[in-house]
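This report describes a structure for a reader who is new to the subject. Please keep the sequence and the model in view while reading.

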Protein chains: 2
Amino acid sequence: MKAKRTSKSVTVFDVARASGVSKSTVSLVLTNSNKVSDKARQKVEKAIKETGYVYNRDAASLRSKKSNLVAIVINDLTNPYSAQLAVGLERQIRQMGLFSMLVNSGEDFEIQDKLVRSLKEYKVAAFIICPAPGTTADWTNELVDQGFPVVHVMREIAGAKVATVLPDNFAGTTMATQHVLAQGYKKIAFLGGNESISDYHQRLSGFTETMTLSNMPFSNKLCIQSDTTRNGGRTAMAKALAVEPEIEAVICFSDVVAYGAIDYMKSNNIEPGKDIAIVGFDDLEDSKLMSPSLSSVHIDANRIGAAVCQLLDNMADRNRNKIIVSIDFIARESS
Amino acid sequence: MKAKRTSKSVTVFDVARASGVSKSTVSLVLTNSNKVSDKARQKVEKAIKETGYVYNRDAASLRSKKSNLVAIVINDLTNPYSAQLAVGLERQIRQMGLFSMLVNSGEDFEIQDKLVRSLKEYKVAAFIICPAPGTTADWTNELVDQGFPVVHVMREIAGAKVATVLPDNFAGTTMATQHVLAQGYKKIAFLGGNESISDYHQRLSGFTETMTLSNMPFSNKLCIQSDTTRNGGRTAMAKALAVEPEIEAVICFSDVVAYGAIDYMKSNNIEPGKDIAIVGFDDLEDSKLMSPSLSSVHIDANRIGAAVCQLLDNMADRNRNKIIVSIDFIARESS
DNA sequence: AAATTCAATTGGAACGTTCCAATTATGTAT
DNA sequence: ATACATAATTGGAACGTTCCAATTGAATTT
């Protein structure tokens, strides 16, 4: 491959000739300038259609140093929440009149680094990054210092001089824990997540602080880390029951982990929502449809997207800014 | 936004000056030409590091009309199989030395059209498209006629003059059905899928033809269409049981549909794999881990990716080519 | 009718790279 | 040492756009 795109292309000059104006006027039309007469604009637009002209963004971006290409670097597309977030971000960005492209780091910092290095060459206007584990403040800061607008999403890198958009993780697990406590449950476990990611600490402390404030004793042995996958949820649930067979409720790091925990319960004749209450985090599409429907902390991907766009729009106060997006707790059958 | 990327950038001229050669030599180094001395190459590479030069692909692509940017247009990123496929494609393409970007049409033809229109402006070297419902042969052919290399994946558009990479859907459901028949089950339903997509017909006919060839009576009433979502699977399972309460086995259009069907069974005290055998299609990551583990038709995303890359590499016989990627049936506890 | 203002249009230069044809350096055979 | 072939390097032109300063056109004021 590599090559292709042969056949001399149609340029602004061709359009200019076809419409009887100069190339400069054509350019003004293309850039939506307001200093071009309606008559000229119409002629040009007609000629564009007739000639089959297609705008050459490379040439434009070379000359103008402007770009409307935004790169979204997702940590793990195979994770349903990440995918949902990516889709939401894409939609919002498109609405801003920018164009977004997606790449996937697969939670691999080396790949993330390579991807970003390549993307720089494509003159992207901004980076939206869900940082992979291993991302350092230095790494991000270098990118920022080179003049690229960067926004971090979902995960916080301490010391990085970038705007960050986060859901209110602490409030989320706080609400979830309060809800569970209000039902009268006492023996509660926190399942899933991994301390290498910032949101784990935030979500976990929402749980622990609420327990402490409510004078509920709890054991760190019931805070069980695991992969944030379905299978991670299964094993975490198994471990929790091994530690404390009388568990009454579990708060999960994510819906996916909760799905796994529920799988485990069902396979062991434990009825989720009856024998053990369970709540998730993320509120995936499926959670309200499954049976029992899963109580969860709802993160609105569109709200995250809107916050990111706000930062993109207003790069001035972009640095060292943090936007915490509010969440909602949704109680369902599982708790 | 829009703007940004200020501060006069470092160009080949700067690197040339720093390394004491001409800009042309620098360019040769950048393009990995073999007609440059090792000495010169080393000097240039050193200077590149020192000056912090970053390659300007816009300028390069403007001049050379070559691009190594491949666009992957995915039909629905929130579908786990699509996401898995996207990730596999990305990986393979990267290994080829090309760079891939992902965009999501969300099964919306209008969006797909807009996306592709934009992408054309970015001088992509090739399009890999999982066509959204509503995609016509004319639409694809226009793209091809404009000189863009196009490969369709997973779904076939009749009459489109493009290379298409498909899993062997027919063989997949054939094997699945044979497997189920071999267990002695007779009352078998086919759940999920929608006739607006080409793979539905292929998968369904694998089922119906195998049934017919084996002289097994079956009713079209037991071929139940649905959304290819978890919830679609739930409702399809419910409908199937309403038609025929004595169902012994179900073949599902996809794993996601199977997950939904299993949800339904579990909620209704039917034990999947014991009371009713069930097999899926796609073999998602989760399927081997769940309980009961789900028998499924395995589609290797890397194999699909490899086939796509082969077509990309060899654009010559790209038109009207079809590559059917072989699949494997994997029997597990659920059947 | 001339002078003034402002809107619309224009050609030339520039963006950072690769291609090309020409030049210079290097090595080999006479 | 000379002629020759070949390897390595080079400056100028080109890619298709936007920016800029300058020009033209139209409308308004004097």
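## Helix α5 of chain A

In α5(A), the buried residues are A:Pro80, A:Ser82, A:Ala83, A:Leu85, A:Ala86, A:Leu89, A:Glu90, A:Gln92 and A:Ile93. A residue is called buried if 20 or more other C-beta atoms lie within 10 Å of its own, exposed if 12 or fewer do, and partly exposed in between, with C-beta atoms placed from the backbone. Helices (H or I, at least four residues) and strands (E, at least two) are DSSP runs, numbered from the N terminus. An α-helix has 3.6 residues a turn, so residues three or four places apart point the same way.

At 1.5 Å a residue, the 16 residues of helix α5 of chain A (residues 80-95) should span 22 Å, and this agrees with the 23 Å between the end C-alpha atoms. The expected span is 1.5 Å times one less than the number of residues. Just after α5(A), A:Gly97 adopts a positive phi of about 90 degrees.

## Basis of the model

The model is predicted: local features need pLDDT of at least 70 and side-chain atom pairs count only at pLDDT 80 or more, while totals for chains, interfaces and linings use all residues. Residues are numbered from 1 along each chain as its sequence is written, and chains are lettered from A and ligands numbered from 1 in the order in which they are written.

## Chain A as a whole

Chain A contains 12 helices and 12 strands. Its C-alpha trace spans about 85 × 40 × 40 Å along the principal axes. The radius of gyration of chain A is 25 Å, whereas a compact globule of 335 residues would have one near 20 Å. This radius is taken over C-alpha atoms, and the globule rule is 2.2 Å times the number of residues to the power 0.38.

Of the 335 residues in chain A, 47% are buried. Among the contacts in chain A with a separation of 6 or more, 69% join residues 24 or more positions apart. Two residues are in contact if their C-beta atoms, placed from the backbone, lie within 7 Å.

## The two protein chains together

How many residues of chain B are in contact with chain A? There are 54, and they meet 54 residues of chain A. Among the elements of chain B that each supply at least two residues to this side are α4 (57-64), β2 (99-104) and α12 (301-313). The largest share, six residues, comes from α5(B). By class, the side of chain B that touches chain A has 24 nonpolar, 14 polar and 16 charged residues. Here Ala, Val, Leu, Ile, Met, Phe, Trp, Tyr, Cys and Pro count as nonpolar, Asp, Glu, Lys and Arg as charged, and the others, Gly among them, as polar.

The same surface serves both copies, since 100% of the contact residues of chain B recur in chain A.

## The DNA strands

Around DNA strand D there are 27 residues, of which A:Thr11, A:Ser27, A:Arg63, B:Ser22 and B:Arg63 come nearest. A residue is near a strand if its C-beta atom, placed from the backbone, lies within 6 Å of it. α4(A) gives the most to this surface, with five residues.

Around DNA strand C there are 26 residues, and A:Ser22, A:Arg63, B:Thr11, B:Ser27 and B:Arg63 come nearest. Here α4(B) gives the most, with five residues. The surface near DNA strand C has 11 nonpolar, 11 polar and four charged residues.

## Backbone details

Most residues other than glycine have a negative phi, and most peptide bonds are trans. A:Lys123 is not a glycine, yet has a positive phi of about 55 degrees. A:Lys123 counts as buried because 22 C-beta neighbours lie inside 10 Å. B:Asn215 also is not a glycine and has a positive phi of about 60 degrees, but B:Asn215 is exposed, with 6 other C-beta atoms within 10 Å.

The peptide bond from A:Ser291 to A:Pro292 is cis, with omega near 0 degrees. A:Pro292 lies in the loop between β9 (277-279) and β10 (296-298) of chain A.
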